[in-house]
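The points below can be read beside the sequence and the model.

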Amino acid sequence: MKTIRTLTHVLLISSTFSLTAQPAMRGPLPDEQQEIIAEMAKRHQDLKRAVELNDKGYTATTTTTDKALAAKLKAHLKYMAARLDSKAMVRRWDPAFVELVEYYDQLDTKITELDDGVKVGVIGKNADAVKVAQNHARIVTGFTKEGAKAVEREHKPALTKDAAENGSKKEAEPAKPEAKK
Ligand code: HEM
């Protein structure tokens, strides 16, 4: 009996250690995050987004007059930034996101929380990373324009010749602010 108890103890301790040793955020998104994404997709028309592409990447400001939705957007950014920092995957079935995760350490991302939303500045450390960053900006714009339809579909990675299909030609041009009502 004592041996069994000791063994259980050892197993418990080792599983506790292996849990803490692993990257924290692997696995499916927590329910709370899935609910936030579903809500943002549903209420995409309440999100206003302006994107400026530049030589080094992009800046994007996404806001809403609804305080609760703004809080959810901030929570989304905080979670996703921490998840990508921990090198955990997101949307592994969507090639553009697999590519984003692969290039994340080649991006400098600055997130500024605003009262009514978030401002994000992303700089790519090389030409490919710039393309990956801008592709992601277009995809997020698609989420805010189309909601669930865009969230459900796959997106092309940036480093293919037809990645511009992820967004309108207009938005692929640099330094054109684009606002959404
Ligand atoms: C399954 C769906 C989604 C996933 C996996 C996802 C994932 C991500 C990831 C990985 C980032 C990058 C964070 C960083 O760079 O540190 C991000 C940023 C962002 N996401 Fe999502 N997202 C999803 C849906 C949405 C939806 C539906 C919206 C809004 C309608 C949204 C709005 C944003 C915004 C505004 C940013 C900041 C980047 C930017 O402004 O260009 N996301 N998301």
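Which helices and strands each supply at least two residues of the shell around the ligand?

1. The shell. Helix 2 (31-42), strand 2 (57-63), helix 3 (67-85) and helix 5 (127-146) each give at least two residues to the shell around the ligand. Helix 3 has the largest share, 5 residues. A residue is near a molecule or strand if its C-beta atom, placed from the backbone, lies within 6 Å of it. Helices (H or I, at least four residues) and strands (E, at least two) are DSSP runs, numbered from the N terminus.

2. Basis of the note. This is a predicted model, in which local features need pLDDT of at least 70 and side-chain atom pairs count only at pLDDT 80 or more, while totals for chains, interfaces and linings use all residues. Residues are numbered from 1 along each chain as its sequence is written.

3. Make-up of the shell. There are 21 residues around the ligand, and Ala60, Thr62, Met80, Ala81 and Phe143 come nearest. By kind, the shell divides into 15 nonpolar, 5 polar and 1 charged residues. Here Ala, Val, Leu, Ile, Met, Phe, Trp, Tyr, Cys and Pro count as nonpolar, Asp, Glu, Lys and Arg as charged, and the others, Gly among them, as polar.

4. Overall layout. The protein has 7 helices and 4 strands, and along the sequence they follow the pattern α-α-β-β-α-α-β-β-α-α-α. Of its 181 residues, 25% are buried. A residue is buried if 20 or more other C-beta atoms lie within 10 Å of its own, exposed if 12 or fewer, and partly exposed in between, with C-beta atoms placed from the backbone. Among contacts between residues at least 6 apart in sequence, 68% join residues at least 24 apart; two residues are in contact if their C-beta atoms, placed from the backbone, lie within 7 Å.

5. The 4 strands form an open sheet in the order 1-2-4-3, with antiparallel pairing. At the edges are strand 1 (48-54) and strand 3 (107-114), each of which pairs on one side only. Neighbouring strands of this sheet are turned by 10 degrees against each other on average, direction ignored. Helix 3 packs on the sheet and touches strand 2, strand 3 and strand 4 (117-124). The direction of helix 3 makes about 30 degrees with that of strand 4. Axes are lines fitted to C-alpha atoms, for helices over the stretch in contact, and angles run from 0 to 180 degrees between N-to-C directions.

6. Strand pairs. Two strands pair if DSSP finds at least two bridges between them. Strand 1 and strand 2 are joined in the antiparallel sense by 7 bridges, and they form a hairpin with 2 residues between them. In this pair, glutamate 52 stands opposite threonine 59, and valine 51 stands opposite alanine 60. Strand 2 is also antiparallel to strand 4, over 7 bridges; there glycine 57 has isoleucine 123 as its bridge partner.

7. Faces of strand 1. In a regular strand the side chains alternate between the two faces of the sheet. The covered face of strand 1 carries Arg49, Val51 and Leu53. On its uncovered face are Lys48, Ala50, Glu52 and Asn54.

8. Helix 5. This helix has 20 residues and spans 29 Å from its first C-alpha to its last, close to the 28 Å expected at 1.5 Å a residue. The expected span is 1.5 Å times one less than the number of residues. Helix 5 is mostly covered, with 14 of its 20 residues buried. Glycine 147 follows helix 5 and has a positive phi, near 70 degrees.

9. Where do lysine 87 and arginine 91 lie? Lysine 87 is in the loop between helix 3 and helix 4 (95-103), and arginine 91 is in the loop between helix 3 and helix 4 as well. Most residues other than glycine have a negative phi, and most peptide bonds are trans. Lysine 87, however, has a positive phi near 70 degrees, and arginine 91 has a positive phi of about 45 degrees. Lysine 87 is partly exposed because 13 other C-beta atoms lie within 10 Å. Arginine 91 counts as partly exposed because it has 15 C-beta neighbours inside 10 Å.
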